[in-house]
Amino acid sequence: MLATRGLTWRIGEVAIVDDVAFDLAPGEFLGVIGPNGAGKTSLFNLITGLRRPTGGRILLDSEDITALPPHRRARLGLGRTFQASSVFGSLTVRENVRLAVQAHRGGSMRLWRRAAADREVAAAADAALDRVGLHHRGTALAGTLAHGEKRKLEIALLLAGEPRVMLLDEPMAGVSAEDVPELVAVIRSLTGDDGRSVLMVEHHMDVILELADRIAVMHHGALLACDTPDTVMANATVQEAYLGEQL
Amino acid sequence: GSPQETAAGGGDSAAPVKVGLVYSQSGPLASYGKQYIEGFKAGLDYATKGTGKVGDRKIELTEVDDAGDPAKAVSAAKDLIGKGTKILAGSTASGVALQVSPIAAQNKVLFISGPAATDAITGANRYTFRSGRQSYQDVVTAKSFIGDPTGKKVVVFAQDGAFGDANEAAVKAVIGGSGATVSSVRAPASATEFTPFASQIKAAKPDLLFVAWAGTTAPAMWQTLDQQGVLSSTTVVTGLDIRASWPTFGAAGSKISFLSHYFDGASDTEAAKAAKAKIPGGTLDLFHPDGFAAAQMVVRAVTEGGDDVDKMIKALEGWSFDGVKGPMTVRADDHALIQPMFQAKLTGSGTDFTATAEKSLTGDEAAPPVTRMKG
Amino acid sequence: MSTVILLALTGLGLAALYFLVASGLSLVFGLADVLNFAHGLFLGVGAYATWWASGNLPGAGPDGFGFVLAVAFGVAAGVLVAVLVELVLIRPLYSRTIEQVLVTVGLSLAGVALLQATWGADARPFPRPGWTRQVTGILGANVPNAGLLLIVAAAVVLGALLAFLRWTRYGLVIRAGVENREMVTALGIDVRRAFTLVFAIGGAAAALAGALGGVYFGTVSPGQGGSLLIFAFIVVVIGGMGSVVGSAYAAVAVGLLQQFVNYYGPSGLGDVCVVALLAVVLLLRPQGFAGKVATA
Amino acid sequence: MDPVLTVEDLSVRIAGLHILQGVSFTVAPTGVTVLLGRNGVGKTTTLRAIVGLTPRNGEASGSIRMAGGDLLGRPTHRLVRGGLGYVPEDRDVFAGLTVAENLRLAERRGSVPAYDKVFALFPELDRRGRQRAGSLSGGQQQMLAIGRVLLNDNRLLLVDEPTKGLAPKVVTEVAEVLERVAESVPVLLVEQNLAVVRRLARDAVVLAAGRVAWAGSATELLAEAELTRSLLGVGSGDHHGTPATAGPRKDES
Amino acid sequence: MTGSMVEAPPAHVPDELTPGRSRWPGLRPYLPLVALAVAAIVPYSTVNLPGIFEGPLNSPGTLQLLAVCLVFGGLAAGYDLLFGRTGMLSFGHALYFAAGVYGTDILVTRAGLPLWQAALLTITGGTVLAALLGAVALRTVGIAFAMVTLAFAQVGAILVARDFGGLTGGEEGLPLDVSGLPAALVGVTNTVNLYWLALAYLAVVVFVVHRVSGSPTGRVLAGLRDDERRIGVLGLDPYLFKLLAFTLAGGLAAAAGVVYCLIVGGASPHVTSSELTLSLLVMVVLGGPGTRWGPVLGGILYMYLDHRLTAFGSSETVDALPAVLSRPLSQPLFVLGTVFILAVYFFPGGLAGLRTRLAPLTRTLSRRPDRRS
Ligand SMILES: Nc1ncnc2c1ncn2[C@@H]1O[C@H](COP(=O)(O)OP(=O)(O)OP(=O)(O)O)[C@@H](O)[C@H]1O
Ligand SMILES: Nc1ncnc2c1ncn2[C@@H]1O[C@H](COP(=O)(O)OP(=O)(O)OP(=O)(O)O)[C@@H](O)[C@H]1O
Ligand SMILES: CC(C)C[C@H](N)C(=O)O
Ligand SMILES: [Mg+2]
Ligand SMILES: [Mg+2]
């Protein structure tokens, strides 16, 4: 479904992302782990088009999307969340999601319609909010949400776009222990629908192990391994460079 | 009330005559405005023999500040006209004069423009008069410095824009028209460094350099012309600005031949004496005569015309009177104000400069060509 | 040939003037993150205070040491005003950038009007040493001494600012403070004092520019600062906001470009060229020449 | 032993919201006291109130006493100079400055900066002195944030979620560092990773709905499954943050 | 830091995108219409408001002043579409307004076109100009964008000042030749028609801005203000939407120029200055960016003060004060500047924020009687 070939991003001499090649099958859940600064977020930025690679190709359904701007990629079904929550802070939670739905369904270039009048958009937005359990916060300004709620809203925005490939960047970071199971359930449900694929960066190993079909390990920009969880966890380099001695 | 109603102009023979003065009380031309209003009040006193009245009717002045902004001036003019004012005067800046003049014509009220120097006000329409000099008269005065212009090389150094355009055009017509070759060096009004222009002027080796420059950068400009040897290599003519600016010429001042609209001591008329006695400080300056003449014209218009603007116009057209500068005539054809002009020399140093008249041109000698009345 | 030298040296003089005005602006903008439209007012304060001192302050005058004293007084006045502005008006608004801009806009209107109310709208002759009116012959060109004075002053100011940024802790504190004021306080540093200091230095640079501008123009008028400000802004932006060295390069580029185009090109093209340079630089390199923010 | 810090009836309002509504607790003079609670309950707000960083549109009332004096209302830089070290939630290193400059900035007047100590704990910081802090990895930034506080002598450290977003290996490293630090300086720690809490905490304070819901020994809190579940919403067996399969687990300290 | 000036125009939830919380939900939608009706019949009133206006409400001077204020109310509302609602800080908006003013003036006065043709051409031209220049300027963001727009506007100002071919009249400006204009727009007695024209313009702008803000596109613009990158990732081209907002605002400004040219009866270079853009910014922030009525009120208030302070400065009350006070007070700009500064401190969030700020006060005031009883 999604694939990269020799994907490289250099700043000066330093390769931030170094010759990365992987394949994401339809319906697959691929976890991405790696030390801080390994280039995980940068890889996401390259795939979604926020950064231009200095080499290599990105393929979506075997089509080369390397040169497309972010919005074109999104239209092709690529959606993501951000490591540092990035929601529309001065809009209400509901408006946030409606905007995402509207962006997905088209018709954003309509200057003379009443946005609020579009029942379908509203309904789809409410469904997405329901799914992440944020329905009761619909009228709050997104900027005033607590950290965990923002993470959920991020996922609702992602859902609203009905992407075929979803990139999640540390969705659990800073989420209080109490909320983790709920969020895990939401993320698990993402792939349940008709062959959607997920690429997820996460440092919480239990979450990764619970969700991922395969795990990719990044180190110094390069892909160290990409295999089943068991194999990866048994890998000595992964143990040494990433997991370290456990608490 | 009705939205189209305006206050009726008082037909009552004892009602005061409303005169609206729209000029710069604030903004960059505030000092010109101040001289104008002092001159006006002195002139009114003089023309009404101290009564402030024409017959039984008091002249009631309304002063409005336009801050040099035509939009504000137009608002003020409409307000005054709406309240029944039949006579407007003032306009320190040319831009203001040009935009108030059509308002006066549209509403058939008398407009006597003030210090604004633009030639375009002359002949603008039959409702518009002027109480000051125009650029053309400056240039004619400048021409008197070189004797016979035939075969001479004249350079105009002027700032970009309408003021510069007008001066360049006038020099081409007046001096070029009588046989000189005229070229120009133009610079943006915002320029702060004048060496390139000084070099261009020097390279042109003119017999006469005519400088038309207004604004706060003038001293830097003169200094550069002096430093680059322009002032000592040719005759340089420019208009003499208000007293306060004299010290800013510094050493350059004595090397320039000034044409002058007016300075204290340029004339010794009755009106000048009266004005000197009346104005605060007792020293006349560049734009006092304009205000003074405006008041004289107002009184004339009211005396002869009462509340009838057409009669006022008739009374002013062709009228000759003795102003501060000397004999003046409102030319009937285009409402140009024919008036004497002066050649002056600046002497002194530090902050203490005096201007002395070298020569004066009669009104006719300095008269601008007749333009067609446009409206 | 001598024309080229003349244009180059006077162009550098102009560049020096732009730099003097821009340096304070750049410092305050780059370090304190305040787009200070009142900078022109600081300039005016410096110029008028110098002018006033030379007539009224005992010991001060238009020549020699008296002139130095007058300029020192002017700079002190600029510092005082800048510090007051920072303490009273800017400080309560930190992190509300748009409001800060508005306050400085309001201040520039009110302040310049106040100068005008006090000393009138007309230009006043500026007291200055006789030699600044003279020229020096350099390779056949008559270069105005005032321009040379500006060049020297600009070089000194540049050196002093660089030294300040490199060798004192303040440079560090302020650079960090722009990034995150709160965190600087949380390290036990009174960041407010550092910001006041930046304003003081900005005010001093502006006042010096005002005083030397007075020497250069030969006059002082209320609007002088404002008219220089637009070019100073252009210089700051082209130079890369907040980079003092970048501003220096940009000032030289702008000064020379303007001077040469004004000589060889049609009138008015000099200004258009400068504006075009700004647009082109920004479109190609939105971060300006230096491309790094809040550095020496 | 007398507590090093006593918070009494602390209330904080921000932008009209009553975020803390009378919080009272103490911090013991040795070891780690951990502050727990759900997202948005006000943990960060509490720490920030202690170092005087309540935002402009907020106000704090109550009392925060340390060695007799009330801290409330005193400017942050004074408090910090007086020995209050603060490691903020988002690390907040100065991205534009080098590592060395970041450390230099943290030097406090009147005390000799203990570079040896910091570099002994984080050799990485010594090696990367000339690197811009913004280009450090998340874990290195966290080390810098902690390191710059340790440069000086402190009477109390406030540390907000030091392991957020860190790789498991770095989490362990940071926990070890904090453990060693706590041997000499008392620490008030906000932490979501229960494994870390388990390892470090001596005392625990749980916030809920703007108030203290529970306070006492951390071991006691984590030992009782029912208590943990009701206060923290997780079963005591659910060691969120630690790999479920890999490696032998160390004994709880 | 580079973008920080633009990051956050003090955030407001657009009225249009939040559910109304009014005490009379049924009446609220009609309030603007009521306000419009009241404004439309003002010229029939002879009420005298001494100190506020020079003459009765229906006097030409007052109507002229009101007309200027209304145009600027509309202009500010249009600018807010950029600044408050999309988060774009343009320093060159004066250019499109000036294009409207000079375009109309030149086409009528120099080319002798009938007014409607001139107006149509001018508004089209202004819109196209905004689209073209916007297309270039929008390649930058933040402060760089502000400066590029400033640069373009500065070129406009230089061209006007240069007076090529005597087209613009340079610093003297260009009076409008009224001979070809409809008689209803000429002459002091017809000032009321200009007033109505200005009112119509304002109404149109408010309606357009309101409509656009509440449309799907408006939702995207609001999103852009918060996070442009996010909009891209959602599948929308930020550039396109920003260009749309820029062009629309440019067109509205050009239309304002047409009306203003008629009201003032000419063009003068004041309208090309960067100070004009700066004062637009002041108007919007004074009023409250991103709110429906804030920018309108800000624009009206600013222009009112700008015009009236000259009268205040020369009034007898001021003259009677000791020189220390009367000198500065007679400088309109001094008073205007001081008013801004005070406004920034005492009305953060602008006039539109006043309601919420005053809410506690009104609540206590209305509660007090209860307590006493
Ligand atoms: N614009 C940039 N300029 C310089 N260095 C950069 C830039 N962006 C990223 N880097 C560097 O690239 C490396 C990879 O960063 P990235 O954010 O992709 O890491 P990550 O794997 O997501 O780490 P974490 O788990 O901490 O989020 C880091 O060392 C980072 O400092
Ligand atoms: N500046 C602010 N303006 C408005 N609300 C704020 C502000 N700061 C904090 N809050 C609100 O105060 C509440 C407590 O925030 P705080 O950051 O203290 O929570 P926390 O317990 O640290 O949460 P987390 O675990 O997510 O870090 C939250 O609901 C938050 O939205
Ligand atoms: C320099 C002055 C004589 C200019 C004149 N007042 C004008 O505006 O045209
Ligand atoms: Mg990352
Ligand atoms: Mg927190």
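Chain A and chain B share no contact (heavy atoms within 4.5 Å), and their closest C-alpha atoms lie 35 Å apart. Chain D and chain E likewise do not touch, with 11 Å between their nearest C-alpha atoms. The structure is a predicted model, in which local features need pLDDT of at least 70, side-chain atom pairs count only at pLDDT 80 or more, and totals for chains, interfaces and linings use all residues. Residues are numbered from 1 along each chain as its sequence is written, chains are lettered from A and ligands numbered from 1 in the order in which they are written, and side-chain values use heavy atoms, with hydrogens and water left out.

Chain E does meet chain A, through 34 residues from chain E and 35 residues from chain A. The area buried between these two chains, that is, the accessible area (1.4 Å probe) that two parts lose on being put together, summed over both, is about 3,100 Å². Carbon and sulfur atoms give 65% of this area. Across the interface of chain E and chain A, 17 residue pairs are in polar contact, both residues being at pLDDT 80 or more. A polar contact is a pair of N or O atoms within 3.5 Å; within protein, one must be able to donate a hydrogen and the other to accept it, and residues adjacent in sequence count only if both atoms are side-chain atoms.

On the side of chain E that touches chain A, at least two residues each come from helix H7 (191-213), helix H8 (216-226), helix H9 (228-233) and helix H10 (238-264) of chain E. Helices (H or I, at least four residues) and strands (E, at least two) are DSSP runs, numbered from the N terminus. H8(E) gives the most to this side, with 8 residues. By class, the side of chain E that touches chain A holds 18 nonpolar, 8 polar and 8 charged residues. Here Ala, Val, Leu, Ile, Met, Phe, Trp, Tyr, Cys and Pro count as nonpolar, Asp, Glu, Lys and Arg as charged, and the others, Gly among them, as polar.

Over all chains, the structure has 41 salt bridges, each defined as a side-chain nitrogen of Lys or Arg within 4 Å of a carboxyl oxygen of Asp or Glu. Between chain E and chain A the count is 2. One salt bridge links the side chains of E:Arg219 and A:Glu95 (2.6 Å, N to O). E:Arg219 lies in helix H8 of chain E and A:Glu95 in helix H3 (residues 93-105) of chain A, so this pair joins two chains. Another salt bridge is formed by the side chains of A:Glu154 and E:Arg230 (2.6 Å, N to O).

Within chain A, an open sheet of 6 strands with mixed pairing has the order E6-E7-E8-E3-E9-E10; two strands pair if DSSP finds at least two bridges between them. E6(A) and strand E7 (residues 165-169) of chain A run parallel and are joined by 3 bridges, with A:Gly79 opposite A:Met166. Elsewhere in chain A, strand E1 (residues 2-11) and strand E2 (residues 14-24) run antiparallel, joined by 7 bridges. E1(A) and E2(A) form a hairpin with 2 residues between them, and A:Gly12 in the turn has a positive phi of about 60°.
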